[in-house]
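Please look at the structure before reading on.

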Amino acid sequence: MLAVLSTPRKLLRKAVAVAAFLGLAACDPAMMSGPASGAGPRVNTNAPVPVALLIPRSDSGAGAVAASLENAARLALASLDGVQIDLRVYDTGGNAQRAAVQAETAVAEGAQIILGPLFGEAANAAGVAVADNGVNVLSFSNNPSIAGGNVFILGPTFRNTADRLLGYAARQGNSSVVIVHPQNVEGEFGKAAIQAAASQNGVRVAAIESFPFSQQGVSAAVPRIRSSVETTGADAIFLTSNAAGALPMLLQMLPEAGVSPSATQYLGLARWDVPAQILSMPGAQGGYFTLPDNAAKSAFDSRYRARFGQEPHPLAGLAFDGIAAIGALVRQGRSDALSARALTQNSGFQGANGVFRLRPDGTNERGLAVATVRNNQVTILDPAPSGFGGAGF
């Protein structure tokens, strides 16, 4: 037990950085009422389309991901057949005010759509800055609170994952769930996403158990979680925590406390396959979590390695997706290719991690596979869909 808990203690300290990617909204883009908000400028599809890429190049804490995002965007450019995109890179420094200034500068210099920024607060600021110009922003954030108006988020959302998992679990006969989340921003977002997905999929939320984001908080919460499962008769438990947070402790301690994975279906909002030691924990056995389309991801990773000689950052595919979507729409020859109407086409796009589409509310939907753990190995239960409208959505 002590050996197992040494890793969770280290991972808990790292998780604060993960929550930073959610950011906070400075104001609500959905409330912006500029006459051209989201309309997008008219595009000459026979000429190079100016696209601004806003990344935190000079941010010491995000320089590596910025470089990987730029590489992935350029990799996508090389894949466009018959489409010309003039990619212009602007450094936000990871700062919201600078992001707003750079967004305005990019538009003044001719940019017809903005790809980025990375952080939620910066993306929100950029969107507000160019809303009156009718220019759309495809942000790398996964924070749904900044989505809307002229701001779209490309980052995978908790709601998308929760919908996929609870839809699958409901089809397997699960009807009630206990939600377990840390008392922090990320945990609150996760809880809200699971609640909405439960309602959408006809699953009853039997109880919600939260805990202070600390080792002591997790330990104290375990008996309460077990009691909630027992007293409510819930047949599933949904953990919002990731591997850098409380997930390892919960997957170890809950089964030890009597919440057996053979009797209660475990579900996870985060990936359970990284790091590999998660796969050997008792609570992971038979649990459900999601993965991107493996074939698409492997193809993207291989091409990235071949061109740049290194592994892509986990977020790099978002930049590839943005360019792929823009390129696909411009290829259609539509003068409104960069409008909200075009960006939210129901058929979606093929991206680095599989199919995805942007939604009118500024969020996104991605094709995900449902995976489980058997004999400490990942097994795909339901493959990622190859298109929209069929199984998996």
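## Confidence

This is a predicted model. Its mean pLDDT is 91, and 89% of the residues score at least 70.

## Helix pair H2 and H10

Helix H2 spans residues 63-77 and helix H10 spans residues 316-331. Their axes come within 7 Å. They cross at roughly 35°, and the crossing is right-handed.

On the H2 side, the contact uses Ser68, Leu69, Ala72, Ala73, Leu75, Ala76 and Leu77. H10 answers with Ala316, Ala319, Phe320, Ile323 and Ala324. By class, the contact of H2 with H10 holds 11 nonpolar residues, one polar residue and no charged ones.

## Second largest pocket

The second largest pocket holds about 630 Å³ of space. It is lined by 25 residues. Closest to its centre are Arg159, Asn160, Asp163, Arg359 and Glu365.

Which elements each supply at least two residues of this pocket's lining? They are helix H5 (158-171), helix H6 (185-200) and strand E13 (364-366). H5 gives the most, with eight residues.

Terms used:
Residues numbered from 1 in each chain as written. Predicted model: local features only at pLDDT ≥ 70, side-chain atom pairs only at ≥ 80, totals over all residues. Heavy atoms only, no water. Axes fitted to C-alpha atoms, helices over the stretch in contact; angles between N-to-C directions. Helix = DSSP H or I, 4+ residues; strand = E, 2+ residues; numbered from the N terminus. Left-handed = near helix turned anticlockwise from the far one by under 90°. Contact = heavy atoms within 4.5 Å. Nonpolar A, V, L, I, M, F, W, Y, C, P; charged D, E, K, R; others polar. 1 Å grid on protein atoms, 1.4 Å probe; cavity = no way out; pocket = protein on both sides within 12 Å on 5 of 7 lines; lining within 4 Å. Points joined across faces, edges and corners; volume = space filled by probe spheres on them. pLDDT = per-residue confidence, 0-100.
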